[in-house]
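Trainee: Could you please show me how to read the features of a protein model, one at a time?

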Amino acid sequence: MKDVTRLFDIPFYQLEQYPIENALVTKYNEKWTPISSGEYVDRINQVSRALLRLGVKPKDKVAMVSSNNRTEWHILDMAIMQIGAYNVPIYPTIPKEDYIYIFNHAEVKYCFVSDKDLYEKASSIATEVPTLEEILSFDAIEGVQGWSELLSLGKDSANQSEVEALKAKIQGTDMATIIYTSGTTGRPKGVMLSHENILSNIKNCQSRVPVKPGDVCLSFLPVCHIFERMLTYLYQYNGIRLYFAESFEKVAVNINEVKPRLITVVPRVVEKVFDSIYNKGIALSGIAKRLFFWALQLGYRYGPYDKNGWWYSLQLKIARKLIFSKWKKALGGHLQMICGSAVLQPRLVRVFSAAGIPIWEGYGLTETAPVISVNCERGHLWKVGTIGKPIDNIVVKIAEDGEILCKGANVMLGYYKNEQQTKEAIDQDGFFHTGDIGILDEEGFLTITDRKKEMFKTSGGKYIAPQYIENKLKQSRFIEQAMVVGEGEKMPAAFIQPNFAFVREWLKRHGETATLSQEALAKDPRVHERIGQEIERINKRLGKWEQVKVFGLTSDEWSIDAGHLTPTLKLKRRIILEKYKDMYNTLYNKES
């Protein structure tokens, strides 16, 4: 195979270039179960034959909903694409009304789910989706056509010639998938991505991703999101052994089991890992505790390429041996992370990188398949506090109003069934308007300052960039989540979800013996005063017009299930504002 021009060419390319025994590995019944490159290719063809016998035709939409990443998802993904049908991956956690909307908008014909719970969720909306013919499951469910039945259906190779004929008709410029954005406002939009869109991104990221044939990578972020999905394709393209974590809760255990070279993360994951490490440091005593915090402060000052000089490098060497080596061992021994989806606090990039667990922060959108820029150690392409330099073969520029624009083969075909929104997103020159505000510095590194649609003006006419302030607030150990509000008001305010675990630990250290409920903690004047002190400290680093003068504490934890966050852990601003409307009115002395 001279070149890979369609996504389903990747497994065949791997078999030819990097045949490996554990191409895809999933844990079933407590045992890691691999399939080889050869078995992968055979299963793809087998499932394609089964899909044709099931009645799937080119251009049919097949929804895939899985609670975890697994081998079956990838086999089915390739099998769908190579017969010219379209994979419509869906987040398992979205509300029922979004399921109904997406299934109907995409005109989904078949749906595959991973387990019984998702089968019941999908079945509950089946009568509201006229196009839906059947729901199938990866796991065995009584009375439901499952994975083993699908494999049996495709065992006979008599119709393989039909598979080959359909494959031959598919071009790289043809649509491969429709991915519905988890957007923070409004209805999800169906992003149409071609094989070429995603493959161009894979090839243009090659020099930035620190992996080589034979490495192990662990996949745990939802593969229905283009960030994780593209990287799993990239791993396969490069002969990487791809393991799938059992669940988010078992990621730490799985890391120790498979010792991956690379994982992809979102900022919330990094923050949670750091919180766990920090809490262990607090529990230490004596010289061990002093050494821990000395190493931590050293880590916060880290800069790549020995920028801090020989004395710092000597201290770092000691800190790595005494303290950071334990962090590194706990995370598998040679782990690196690629972080995307939202802005990561620079101090976390610095401290983990100082510990020998580098984090390569990048940037992109579903509409750009997804990567626009990413940091990389090689070639001096790493600058902490930025999202890296644009990848090869794309053009990035900053519009007059500060918006980041991108042009390249990675830019989507458009929004499904929405020509008007497509025209608004992609201008006549072919530049995609990201909706993000940012700057390109003199060295060519990109930095995001905020979302264009999320910026607002106070009554004094001053622009507020809420994400920037929120990221500052979340640097406090007392603050888990924050949302800055105040459009049209005289000053910005903030809704704060306290870090309840840390607040309880803080109260315990100050003599509190009772275990207070979250509601009690949110109302406790001691907690309010202490978080107020944190906000005052942060305010000193902000312009006067940006400073948070009033705030309220929420008693509930912000989550995907409760509707505060998107599946990629971004704030659903409209919903949060509606949830805390009474708090907003109290902060601004308005009548309810």
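Trainee: Is Lys-417 buried, partly exposed or exposed?

Mentor: The model is a predicted one. To classify a residue, we compare its relative accessible area with two cut-offs: under 20% is buried, over 50% is exposed, and values in between are partly exposed. Lys-417 has a relative accessible area of 46%, so it is partly exposed. This lysine lies in the loop between β18 (414–415) and α15 (419–425).

Trainee: Which residues are joined by a cis peptide bond?

Mentor: For a peptide bond, we look at the angle omega. Between Ala-369 and Pro-370, omega is about -15°, and the bond is cis. Pro-370 belongs to the loop between β13 (359–364) and β14 (371–374).

Trainee: With which strands does β1 pair, and in which sense?

Mentor: For each pair of strands, we read the sense and the number of bridges. Strand β1 (residues 24–28) pairs with β2 (residues 31–35) in the antiparallel sense over five bridges, and Thr-26 has Thr-33 of β2 as its bridge partner.

Trainee: How many residues lie between β1 and β2?

Mentor: Two residues separate these strands, which form a hairpin. In the turn, Asn-29 has a positive phi of about 50°.

Trainee: How many residues of β1 are buried?

Mentor: Four of the five residues of β1 are buried, and the strand is mostly covered. For the chain as a whole, buried residues make up 59% of the 592 residues.

Trainee: How may one describe the whole chain?

Mentor: One begins with the secondary structure, which comes to 21 helices and 25 strands. The radius of gyration is 25 Å, close to the 25 Å that the globule rule gives for 592 residues, so the chain is as compact as a globular protein of that length. Along its principal axes, the C-alpha trace spans about 75 × 60 × 55 Å.

Trainee: What share of the accessible surface belongs to carbon and sulfur atoms?

Mentor: Carbon and sulfur atoms account for 51% of an accessible surface of about 25,400 Å².

Note on methods:
Residues are numbered from 1 along each chain as its sequence is written. This is a predicted model: local features need pLDDT of at least 70, side-chain atom pairs count only at pLDDT 80 or more; totals for chains, interfaces and linings use all residues. Side-chain values use heavy atoms; hydrogens and water are left out. The radius of gyration is taken over C-alpha atoms; the globule rule is 2.2 Å times the number of residues to the power 0.38. Buried means under 20% relative accessible area, exposed over 50%, partly exposed in between (1.4 Å probe, protein chains only). Accessible areas come from the Shrake-Rupley method with a 1.4 Å probe; for residues, only the protein chains shown count as cover. Two strands pair if DSSP finds at least two bridges between them.
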